[in-house]
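Visitor: I have a model open and would like a walk through its side-chain packing. Can you put it up?
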Amino acid sequence: MSPDPSATDNGSGKALPRALIVEDEPIVRRLTARALSESGFSCDEAEDGKVGFDALQQRPYEVVVTDLRMPRLHGHAFILRILQLPQPPMIVVLTGVAEKRLIVDLLQRGVTDVVVKPVDYDLFGAKVAALYERYGKTERAEVLGQPAQQPAAPVAPTTPTAPAGPARISREELTEKLRSLALLRPISDVAREVYRTASSPTTTAREIAALARTDEALAVQLLRVANSALLGGKATPITDMEEAVVRLGSRRIADVALAVGALFVPTVRTLRWLDTELIFRRSLAAGLAIEEIWNHHRGPESPVDDSVYLTGLTHLGGRLVLASLYPDHYRQMMQQCQDQNVSLLRLESEVFPHPHFEVMADLLELWRMPSEMFQPLRFLGRPTSFLRTLDRNLRARIQALLAAIAIGRLAVGKWQPWDSVYFPDASLIEGVVVDPASVLASVQRRLHELAAIVPPSGDPTDASGRITSNFASCVLYFNTVGSAFDYVRAAVECAGVTVISWADAEAHGEIEPGQIGIVNTLFSGDPAPRLVPPRLRAAVARLVVVCAPKFVPTFSDHCHLTVALPGPFRNLEQALLAPSGQS
């Protein structure tokens, strides 16, 4: 291994980030090292994977650039070894092997980018530097010996304090980071070019498809979105990108490429500790629900239009952005969720000045996206009383989005313990969502059809920590509000539990000993213990009352367990666990 002695300091007194160049061709190795040195890295070189891995055992590196075809230790095996390290560096593959399956496999395993030779080495060095600024720098600085900013000298507290969580981020700091992110344009070159090309009226579907295929990860995600938008009708499934462009339309392909390329493709490669596949499926399901809702309102007076589909697709993007900018904060918050039984959304509100959906709105605005696409995101967290004061069209778009997000989550059916369970007030969305039950059934069907054609990327196993095998087989259920669609009941059913209404069970004598009874008081004008049927209370082994958080004291002495919503899914999960001796 040969070190690069010329790049050890940038004149500011700070150590440069270290890069390891692993390449068996000496000329290519030197050209790559020179390009990265000129882009601000201190470079070491290794002639094969074995020498490279030995170097990684001796000292930390922020970036590894490696070839694939090398003697002694093949590049793919070398990469797998790197990814097993406790703190793997950012990995960029520079290779002459243009094998589709191999590239997709590397990206899904955690490689940041794959670049196929020949390349412009100056541009390659600049690209690696930009990737490192976004993906590698924040997460690896402390691990690699570059100390974080030192806090002021501590002042001895006068009273005992609870263990501190992540440091609160100021509005000014977050705004500055978002502006820097927008200037960096953290969208793959291909996604940005697909957007530009597809927006031109003279571009052919073949040209757009050929361009999309050059980024395999982007192409896979575009195909998934394209199929999801087509499977609801009579159209047959598609596996060819050109056909997707023709049948979906270049305008939609342009918007989706920008959203997917900006949010999902980059973060899948870097946030390996976050379930980005679940976030993508929820976002996709929200977009599908928006389309189903739109189909009931299609017409010149419809307040729900095509732009709301993109809003649904990007509504969770702000969480991906924040997790990319503050990975250590998110690791601490996820641990807090487990230790304190709180939702991640609640902790985010304590750490960041804006909810993640407003962060996404800010970023979309900085990217100069149409206001119709991001404006509804700014109001997702507002109370119902405030939403009723908004302009009719904007209110309808927000109502449709709220319903689509809730229905999308139900359709996906996978929950994590720290998820915030929130369901919209049925009275708020009446007239906008005509038939939530049919929308839910349609989205579930389309997700199932899509999974059969374009399987989910990444690890398909359930990493959510759900205890579904111990859920009760059925529950008795009573809703104090006679709404046409019951989101809580749908959530229980989507968890695989059979729901029997209390009225039916009582009428037909279908009451078995040891059952769970659930009473839903959400959105009840006057929730009180008298609303719980006395015979239901006497018949069940565990009575669970679902209520707004402020009414927990009202019911706590009149039931075995209260589930406050909005709240973490873990509370609902505990309520569904089978009583001792039951399954």
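Guide: Start with Asp44, which counts as buried at 0% relative accessibility; buried means under 20% relative accessible area, exposed over 50% and partly exposed in between, with a 1.4 Å probe and protein chains only. Asp44 belongs to strand β3, residues 42-46. Helices (H or I, at least four residues) and strands (E, at least two) are DSSP runs, numbered from the N terminus.

Visitor: What should I know about the source before going on?
Guide: This is a predicted model, where local features need pLDDT of at least 70 and side-chain atom pairs count only at pLDDT 80 or more, while totals for chains, interfaces and linings use all residues. Residues are numbered from 1 along each chain as its sequence is written, and side-chain values use heavy atoms, with hydrogens and water left out.

Visitor: Back to Asp44. Which side chains does the side chain of Asp44 make a polar contact with?
Guide: One is the side chain of Arg18, at 3.1 Å, and another is the side chain of Arg59, at 3.4 Å. A polar contact is a pair of N or O atoms within 3.5 Å; within protein, one must be able to donate a hydrogen and the other to accept it, and residues adjacent in sequence count only if both atoms are side-chain atoms.

Visitor: And Thr32, buried or exposed?
Guide: Thr32 is buried, with a relative accessible area of 1%. Thr32 is placed in helix α1, residues 26-38. Leaving aside residues up to four places away in sequence, Thr32 touches Ile21, Val65, Leu94, Tyr121 and Phe124, where contact means heavy atoms within 4.5 Å.

Visitor: New topic, aromatics. How many aromatic pairs does a search of the whole structure find?
Guide: Seven aromatic pairs turn up in that search. Rings of Phe, Tyr and Trp (its six-membered ring) pair if their centres lie within 6.5 Å; planes under 30 degrees apart count as stacked, over 60 as edge-to-face and the rest as tilted. For Tyr326 and Phe352 the ring centres are 5.5 Å apart and the planes are at 55°, so the pair is tilted.

Visitor: Where do Tyr326 and Phe352 lie?
Guide: Tyr326 is in the loop between α14 (317-325) and α15 (327-340), and Phe352 is in the loop between α16 (344-351) and α17 (356-366), so the pair ties together parts that are 26 residues apart in sequence. Tyr326 counts as buried at 4% relative accessibility, and Phe352 is buried with a relative accessible area of 1%.

Visitor: Which aromatic pair do Tyr330 and Phe352 form, stacked or tilted?
Guide: Stacked, at 5.9 Å centre to centre with 25° between the planes. Tyr330 lies in helix α15 and Phe352 in the loop between α16 and α17, so this pair ties together parts that are 22 residues apart in sequence. Tyr330 counts as buried, at 0% relative accessibility. Ring pairs link Tyr326, Tyr330 and Phe352 into a cluster.

Visitor: What sits over the ring of Phe53?
Guide: The charged end of Arg81, 5.7 Å from the ring centre. Likewise, Arg382 lies over the face of Phe386, at 4.9 Å from the ring centre. A charge sits over a ring if NZ of Lys or CZ of Arg is within 6 Å of the ring centre and within 35 degrees of the ring normal.

Visitor: Now the largest nonpolar core. Which residues touch the most other members?
Guide: Leu410, Phe423, Tyr487 and Ile518, out of 114 residues in that core. The largest share, 14 residues, comes from helix α20, residues 392-412. A nonpolar core is a set of buried Ala, Val, Leu, Ile, Met, Phe, Trp, Tyr and Cys residues joined through side-chain atoms within 4.5 Å.

Visitor: Which strands pair with β10?
Guide: Strand β8 (residues 474-479) runs parallel to β10 and is joined to it by five bridges. β10 also pairs with strand β11 (residues 542-547) in the parallel sense, over five bridges. Two strands pair if DSSP finds at least two bridges between them.
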